[in-house]
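Dear colleague,

Here is the structure I said I would pass on. My notes follow below it.

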Amino acid sequence: MARYLLRRLAFLLVSLALASVVLFVLLRMLPGDPANALTSVGASPEQIAAARHSIGSDRPLPEQFTHWLGQLASGDLGTSFVSSLPVGPEVGARLNVTVPLTLAAFVLAVLVAVPAGFAAAHKRHTWYGALLSGVSQLGIAVPVFWLGMILIAVFALNAGWLPSGGFPQDGWAAPAEAVRSLVLPVVTIALVMSASLIRYVRSATLDVLGSDHLRTARALGSSFGRAMWRHGLRNASVPVISVLGIELASTLLGAVVVESVYALPGLGSLLATGIAQHDYPVVQGVLFLSTLAVLLIGFAADLVQRIVDPRLRGRLSGGAR
Amino acid sequence: MTTPDVLRPVEPQTVPGRRRTRRSVTLAVGCVLAGLIALLAVVSLLWLPYDADDTSGGRLAGPGDGHLLGTDKLGRDLFTQLMTGSRIAIGAGLGSVLVAAALGVTLGVLAAFAQGWLDDTLSAFLDILIAFPTLLLAMLIVAARSATLGSAVLAIGLAQGAVVARLTRILVKRVLAQDYVTAARTSGTSWPRTVLGHVLPNVWPTLAVNLALQFGLAVLAEAGLSYLGLGAPPPNASWGRMLQEAQATFTTAPAGALAPGVLLVLLVIGVNLIADGLRDTLDPATRRRST
């Protein structure tokens, strides 16, 4: 296990290095000159050149890259071209919205989907088993922004129970307001996420329910609950863990649409404006942190999978294959 | 996958006849739902109730009075817009799936043949790409090009290509381990012929089902991009953009904020049901599961 941990850690670092090179090169390939964002419309060539010089985009790419890496190593994400503010604190402020939003939605989705998916598989011949499968079938077909619109119309505009969007100016200094403004977004993401999770849990449970070793355990006299607990859960959880990892990572970054529906100042909206304004440091910083998060979550998911399923330990990454 | 599919016991509770009925019901319902939207798209090519930019109906008129579902905030007939929107939804779905299939199958087959560290690198690369949400990739591509339907389709197709590639890699690896492939190789069949003759026919059913599911996801992704203003630019009536425009008037003119969403859901559920029905028909090994 220790050897595996080292190998996997090395792999993580290599992936991160590769990803940062790809990220850097890709962003420089985007058309459009960030100097345009700094200068007024009729700027002279000298002014544009000065603007380029001030942000360093006139230097050769390798030099820009090493400069960026040096900054990263000292924990500096650079300075926004557009607002001239450091990117790090801005990202930090956005994370105060995005991280609670994502984690709460993720936990809620797991709490709903794991029992529901298990029931949908175990009770698939009853009406509520079929109903659960049907609801999750419906859930994966509903666009997340439309669900958000409907929840706003019902619970905010009609009933007036919750705010229809926005986040308090004071942030978490006004905890009650902050929580209230996150309730609907959390529910929106959790509903959509659990719809697809239910299908994975159901499928993993069905695999286990049909397996020989579970049947043998039952034939040897174990009760269903005991056979499931001793022989079923571990096996069913392996593929689900890898899906959970992907879902968590993609929700962290993919909350853009929900943030837009509820006008939340999160990481997604920061990235969206950054892209629109060709603000390299912002886009680069957000994407670098996101990649780091994706890799770390994958690392954690692989590790947990290997703790749960010793058969995987010889393999480097992944589990459900 | 610990047990080979063939060795799995047949589920005792399910009688074959009942299974077949349920399977055909799934397929039939799916075909009806998706067919309705497809019909809407075909009819819209030949006939529309109103001209696409006819604003004679008055702003935000309610349903009835010559306009089946009322009008939008510019006075355009809602049903006409829904009809033209169905073309964009279906076109985006088909286009993305084509890009994803071309890219994913090629990359997946190549990755399946790779060994050792190259295999690890490729699958890790695909894993990272998959963890990045489609929308994020799409935003980058739309920023590099411009907000058009083509950019959106390309972006969605690229993101889905990674998913298809990973699936293809797993499926092909499984086939490559089979005895008949070894037999074909030892009897002197070339690699290209092995892939075309033995590998692709065996992975195709599962791939087809996945591509059908990707179609539904692509439709949703295009709607999401259009909602953010990154899809087909106005005056194209993408359902996602129609929803975005109707959001502010949800309580006063609910038809505009509900109808495009309902059609989106119908189309995606329809295609997903077709995928489920197809899997049960094409792939006998997974017949007893219906997720």
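This is a predicted model: local features need pLDDT of at least 70, side-chain atom pairs count only at pLDDT 80 or more; totals for chains, interfaces and linings use all residues.

To begin with chain B: B:Arg241 counts as buried, at 8% relative accessibility. Its salt-bridge partner is B:Glu245, with the closest N and O atoms 2.5 Å apart. B:Glu245 is partly exposed, with a relative accessible area of 24%.

Over all chains the count comes to four salt bridges. One of them joins the side chains of A:Arg8 and A:Asp302, at 2.9 Å from N to O. A:Arg8 belongs to helix H1 (residues 2-29) of chain A and A:Asp302 to helix H13 (residues 280-308) of chain A, so the pair ties together parts that are 294 residues apart in sequence. Both A:Arg8 and A:Asp302 are buried.

A:Glu90 and A:Arg94 form another salt bridge, with 3.0 Å between the closest N and O atoms. A:Glu90 is partly exposed at 30% relative accessible area, while A:Arg94 is buried at 15%.

Then the helix packing. The axes of H5 (residues 87-122) and H12 (residues 267-276), both of chain A, come within 8 Å and cross at roughly 135°, and the two helices are therefore oblique to each other. On the H5(A) side the contact is made by A:Glu90, A:Val91, A:Arg94, A:Leu95 and A:Thr98, and on the H12(A) side by A:Leu267, A:Ser269 and A:Leu270. By class these are four nonpolar, two polar and two charged residues.

A:Thr98 is buried, with a relative accessible area of 0%. A polar atom of the A:Thr98 side chain lies 2.8 Å from the backbone nitrogen of A:Leu267.

Regards

Terms used:
Residues are numbered from 1 along each chain as its sequence is written. Chains are lettered from A and ligands numbered from 1 in the order in which they are written. Side-chain values use heavy atoms; hydrogens and water are left out. Axes are lines fitted to C-alpha atoms, for helices over the stretch in contact, and angles run from 0 to 180 degrees between N-to-C directions. Helices (H or I, at least four residues) and strands (E, at least two) are DSSP runs, numbered from the N terminus. Angles under 35 degrees count as roughly parallel, over 145 as roughly antiparallel, 65 to 115 as roughly perpendicular and the rest as oblique. Contact means heavy atoms within 4.5 Å. Ala, Val, Leu, Ile, Met, Phe, Trp, Tyr, Cys and Pro count as nonpolar, Asp, Glu, Lys and Arg as charged, and the others, Gly among them, as polar. Buried means under 20% relative accessible area, exposed over 50%, partly exposed in between (1.4 Å probe, protein chains only). A polar contact is a pair of N or O atoms within 3.5 Å; within protein, one must be able to donate a hydrogen and the other to accept it, and residues adjacent in sequence count only if both atoms are side-chain atoms.
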